[in-house]
Amino acid sequence: MVVNTVLSVMAYDYLPEKLSVYLSDDGGSDLTFYALLEASKFAKHWIPYCKKFNVEPRSPAAYFASKSNLDHSHHNEVWVDIKKLYEEMEDRIEIATKLGRIPEEERFKHRGFSQWDSYSSQLDHDTILQILIDGKDPNAKDIDGCALPGLVYLAREKRPQHPHHFKAGAMNALIRVSSKISNGPIILNLDCDMYSNNSLSIQDALCFFMDKEKSHDIAFVQYPQHFGNLTKNDIYSNSLRVGFNVSGIPWLDGYEGPLYIGTGCFHRRDALCGRKFTKDCKFEWKKDDDHKTPKSILELEEETKPLASYTYEENTQWGKEMGLRYGCPVEDVITGLSIQCRGWKSVYFNPERKAFIGIAPTTLPQTLVQQRRWAEGDFQILFCKYSPLWYAHGKISLGLQFGYCLYCLWAPISLPVLYYAIIPSFYLLKGVSLFPQVSSPWFLPFAYVISTQYIYNLAEFLWSGGTILGWWYEQRMWLYKRTSSYFFAFIDTILKMVGFTDSTFVVTAKFIDEDVLKRYEKEIMEFGYSSPMLTVLATLAMLNLFCFVGVVNKVIMNGSIFRLCKTMPLQTLLCSALVLINLPLYQGLFLRNDKGKLPSSLALKSFVVALLACTSFTLLC
């Protein structure tokens, strides 16, 4: 996956001498270095092939898997040869990964492996820096004799007693190291699973940076996130379809630009490194100084290593006013906000051909964990130094300020959603109406707001290319995220503020089990194990089921269905909708036998808690 991402950006349709690719390996794995070394060899064949045949996409795995390329593959000898080279590289990497070690002959061939001699663990090692391809070396050529882009491997120094600041710290180390080696004025950052799907993305982004009249205040160009492994109806609603195409980020683009979302973003180096924008700022695109005395790769590596040491940032502004900001799980959002507060603007660009394609979570727990991290980080922003309420006040437009607050309030939104998921069903069971009856004139405003909201929401979703079933799945995930991920994010943030817990950075899993993948492709919801968030969801589902069954039992016993529809239509509708939307949970609790079902212990726990809650409310209230 990492190799395909690297190769896809090395093969950009752009001048290779002006392009350098840096890989930050925070795991410090010699297997990752070996894979990158293999990629540097394959790139000599892959890059000229891409440019000769105008290949899209330029991730080898995506290209060879695409159906559009199968027609000419059978009679194209070059295609067969390049595919064979790729598969051989893939086999060597997979064999080394399974064995857990690098072939001995490869270790002796490349001096880079010697840097692991002092390696202790992922959190305790020296800086490992290797320039695999020197873009300035006239001998760095592909098989057609054309120049190759630079390729650099970096595992920054880590020590157990020193905070490393996760992704933000890794990005800042890359910014400093790249400034010494290539110092490109524009920086693209990508997650390891987000390959380039459009070889012209650089040119598209540069159009915004290089306009002589309107580009001087542009700090970054943000592309949307797209995913290549979504099911037909996007069962976990990972595409954020409406947010990327209709409202959300496109809306913010009308107020000085969108927020920075952490990947698929082209940055102006000066802005990222803390420079303020003033009306006098004018940028000239100059060539590199050719008169500088060239240094050997060894000399350059040794001079650059200190920039990635764990002590370099001490008593500096890195992580505060320079680079990505520290102290928050969503370092990207506060970094983008602080850049915009320095007078810069941003641009959201969503071209017809998707620029980058990544991997979405394939299980419900993965999705909920990711959403919890985002919601917790956004909520923490509201109370930190970079809060849009006071830090951004007067520095950005009011509309953009409100836009940031909208994301920051994801976590507390869980409270009213939890109320509506519990209390109306309880009172329905009790026979107490909380909403206006059909005969009341106040019923019409409620009915109007509810119906128009969902009709408008459905229209937006379909306009964005979704399906009706996909919209239903999105409503389910809307509920699940707010009653689990956002709720726990709210609690975690409050506990952190009073000093009971510390923030942790949870990485979203990138590996997919074969059985899980099969169920995912069939759009069968994956649970798999017990967790506090799944316990809450299962308990809420059982609670609403008990209330619904209790009401149905009363209707059957008393024959009062018309009275129920007349006096409590909205509560009945809400409870029924909650039961329908939770059907996959009921299946996971009681009807499924595969490994993706909910554990029996969780089923028992949720059953007992929900039953006790319903019984207690009925008897005591």
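Where is the place of Pro57? Pro57 sits in the loop between α2 (30-53) and α3 (60-65), where helices (H or I, at least four residues) and strands (E, at least two) are DSSP runs numbered from the N terminus. A cis peptide bond joins Glu56 to this Pro57, with omega at about -5°.

The structure is a predicted model, in which local features need pLDDT of at least 70 and side-chain atom pairs count only at pLDDT 80 or more, while totals for chains, interfaces and linings use all residues. Residues are numbered from 1 along each chain as its sequence is written, and side-chain values use heavy atoms, with hydrogens and water left out.

Here is the overall picture. The protein contains 23 helices and ten strands. Its radius of gyration is 27 Å, close to the 25 Å that the globule rule gives for 621 residues, so the protein is as compact as a globular protein of that length. This radius is taken over C-alpha atoms, and the globule rule is 2.2 Å times the number of residues to the power 0.38. Along the principal axes, the C-alpha atoms fill a box of roughly 90 × 55 × 50 Å. The accessible surface comes to about 30,100 Å², of which 60% belongs to carbon and sulfur atoms; accessible areas come from the Shrake-Rupley method with a 1.4 Å probe, and for residues only the protein chains shown count as cover.

Of the 621 residues, 51% count as buried. Buried means under 20% relative accessible area, exposed over 50%, and partly exposed in between (1.4 Å probe, protein chains only). Among contacts (heavy atoms within 4.5 Å) between residues at least 6 apart in sequence, 80% join residues at least 24 apart.

Helix α17 (residues 468-497) has 30 residues and reaches 41 Å from its first C-alpha to its last, close to the 44 Å expected at 1.5 Å a residue. That expected span is 1.5 Å times one less than the number of residues. A kink of about 40° in α17 is centred on Lys481, the bend at a residue being the angle between axes fitted to the seven residues ending there and the seven starting there. After α17 comes Gly499, whose phi is positive, near 90°.

Apart from residues up to four places away in sequence, Gln371 touches Trp410, Lys481, Ser485 and Tyr486. With 3% relative accessibility, Gln371 counts as buried.

Asn457, in helix α16 (residues 443-463), is likewise buried, with a relative accessible area of 18%. Leaving aside residues up to four places away in sequence, Asn457 touches Trp471, Glu474 and Gln475. The side chains of Asn457 and Trp471 make a polar contact (2.6 Å). A polar contact is a pair of N or O atoms within 3.5 Å; within protein, one must be able to donate a hydrogen and the other to accept it, and residues adjacent in sequence count only if both atoms are side-chain atoms.

Two loop residues complete the tour. Glu256, in the loop between α9 (249-252) and β8 (265-268), has a phi near 70°, a positive value in a residue other than glycine. At 27% relative accessibility, Glu256 counts as partly exposed. Glu523 has a positive phi of about 60° although it is not a glycine, and lies in the loop between α18 (514-521) and α19 (532-558). Glu523 is buried, with a relative accessible area of 16%.
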